[in-house]
Amino acid sequence: MSERIRMEKQTVIKGQKELKRGYTTGTCAAAAARAAAIMLFSGEEIREVRITVPAGETLLLEVEEIVRHSDAVSCAVRKDAGDDPDITHGMLVFAEVKKESDKRQKTDSEPEANPVQIVLEGGEGIGRVTKPGLEQPVGAPAINKVPRKMITEALRQAAGEAGFCGTLKVTISAPEGEALAQKTFNPRLGIVGGLSILGTTGIVEPMSEQALTETILLEMKVQKQEGIQTLCLVPGNYGSDFLKDELSFSPDRAVKCSNYVGEALDMAVVLGFPRVLLVGHIGKFAKLAAGVMNTHSRIADARAEVFLAALSHLAAGALKEDPGRMEKLIGLVPEIEESVTTDEMLAVLTRAGIREAVMSRIMERISWYLNQRTRGEVQVELLTFSKEWGILGKTEGAMELLEQIKEERKGQKE
């Protein structure tokens, strides 16, 4: 099916790989709606449909699962995510278009008479919004603004071509959606019963960061709408597990920011959170001491450099007072350089009896960079740990913020 895509640029280069682009669930829904409308008006069956997406590119997509009735047609378009690791890849997105009323045909002398009215509904496998703060209001199907516009424009265009003036009802569904939604953030966001119909450009860029950061923003908006003032951010499962097992706090109330620490802090500033607590493994958070705010390994490493800089700071302090200690500290440099993981580096420092001193310096640098990122608009605190040594470092107000977070969540439950 992918050979049917007509794109200006079918592949992109990411990380020294050439990856295929795809198209969004919003594109699938709009294309299926247009195909169903064309068949409803013409009475003919079509197996391909052409649609232009917001990015300006025109796609020719295959139409599947056609079912025709006297006043309605249903069909589907299969999602193709290209080389993006998207769980909806290969899923069928259906649109059923039905004539609710057909007042009269417009004439050349009355081109604007009886404009087409579109009623858009979510069917099987399309989630429904249950919490405020999301793009759509509570009770609405989780079909985002851009896909809604794509669907309605596709139907208006098809109706215009057929000279139809009246009301069309379109129902978007995805039978696999409810099961697939359990593997997404939708349950945490308050979207129940299925997936969201998404997309801003209509095109899926492989390994897209935009989809991840948009999900982070949505989850933060939900918490803000719920009245949360102290936001808890964790990069991933390590942080979530530590919250639950060591800090007695439900990880369900923390927002996973993945590698996007800087972006998450920017969002916190824009949304007006006064306080943010970051909880995560030292393997991620050590990089923050070098000002690296995207902690993905392909962006930067800098872990060894951070530990070496902190070690050098200690050695410089011992230069005049204890030259012998300075030499011992400098002697640890090769071991740190040869260490592959932060646990190995910490083991070197532990044997030398300077782990706490080094971590103290690292925390100072982390705190400085976090405050630089937020320009003092947000109180940012951080707690970092490892499985081997537990809590390794925390900024001055970290534990106080943790207690505030617990109290806020407790107040919500009451």
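# Meeting the model: a short briefing

Leaving aside neighbours within four places in sequence, Thr 395 is in contact (heavy atoms within 4.5 Å) with Met 363, Ser 367, Glu 381 and Leu 382. Welcome to a predicted model, in which local features need pLDDT of at least 70, side-chain atom pairs count only at pLDDT 80 or more, and totals for chains, interfaces and linings use all residues. Residues are numbered from 1 along each chain as its sequence is written, and side-chain values use heavy atoms, with hydrogens and water left out.

**Around Thr 395**

- Thr 395 sits in the loop between S18 and H14; helices (H or I, at least four residues) and strands (E, at least two) are DSSP runs, numbered from the N terminus.
- Thr 395 has a relative accessibility of 7% and counts as buried; buried means under 20% relative accessible area, exposed means over 50%, and partly exposed is in between (1.4 Å probe, protein chains only).
- The side chains of Thr 395 and Glu 381 make a polar contact at 2.5 Å.
- A polar contact is a pair of N or O atoms within 3.5 Å; within protein, one must be able to donate a hydrogen and the other to accept it, and residues adjacent in sequence count only if both atoms are side-chain atoms.

**How confident is the prediction?**

- The average pLDDT (the predictor's confidence in each residue, from 0 to 100) is 88 for the protein, and 90% of the residues score at least 70.
- Confidence is highest in strand S7 (residues 72-78), with a mean of 97, and lowest in strand S1 (residues 11-14), with a mean of 44.
- Residues 1-8 have a pLDDT below 50, and in the model this stretch has 26 contacts beyond near neighbours in sequence.
- Residues 11-17 also have a pLDDT below 50, with 14 contacts beyond near neighbours in sequence.

- Five strands form an open sheet: the order is S15-S14-S16-S17-S18, and the pairing is mixed.
- Two strands pair if DSSP finds at least two bridges between them.
- At the edges are strand S15 (255-256) and strand S18 (390-394), each of which pairs on one side only.
- Strand S14 (residues 230-234) and strand S16 (residues 275-281) run parallel and are joined by 4 bridges.
- Cys 232 has Leu 277 in S16 as its bridge partner.
- How many disulfides does the structure hold? There are 0, where a disulfide is a pair of cysteine sulfur atoms within 2.5 Å.
- Cys 232 is in no disulfide, and its nearest cysteine sulfur, that of Cys 257, is 9.5 Å away.
- Cys 232 is buried, at a relative accessible area of 0%.
- Cys 257 is likewise in no disulfide, and Cys 257 is buried at 0% relative accessibility.

**Salt bridges**

- Side chains of opposite charge can pair when their charged atoms come close.
- The whole structure has 12 salt bridges, each being a side-chain nitrogen of Lys or Arg within 4 Å of a carboxyl oxygen of Asp or Glu.
- One of them joins Arg 78 to Glu 64, with the closest N and O atoms 2.8 Å apart.
- Arg 78 belongs to strand S7 and Glu 64 to strand S6 (residues 64-68), so this pair links distant parts of the chain, 14 residues apart.
- Arg 78 is partly exposed at 27% relative accessibility, whereas Glu 64 is buried at 14% relative accessible area.
- Another salt bridge brings together Glu 226 and Lys 131, at 3.5 Å from N to O.
- Glu 226 lies in the loop between helix H5 (209-225) and S14, and Lys 131 in the loop between strand S10 (128-129) and helix H2 (145-162), 95 residues apart.
- Salt bridges with shared partners connect Lys 131, Glu 226 and Arg 253 in one network.
- Arg 275 and Glu 408 also form a salt bridge, with their closest N and O atoms 3.4 Å apart.
- Arg 275 is in strand S16 and Glu 408 in helix H14 (residues 398-413), so the pair ties together parts that are 133 residues apart in sequence.
- Arg 275 is partly exposed at 22% relative accessibility, while Glu 408 is buried at 19%.

**Around Ile 46**

- Ile 46 lies in the loop between helix H1 (25-42) and strand S4 (48-52).
- Ile 46 and Val 63 are 17 residues apart in sequence, and their C-alpha atoms are 7.3 Å apart in space.
- Not counting residues up to four places away in sequence, Ile 46 touches Ala 35, Ile 38, Met 39, Val 63 and Ile 66.
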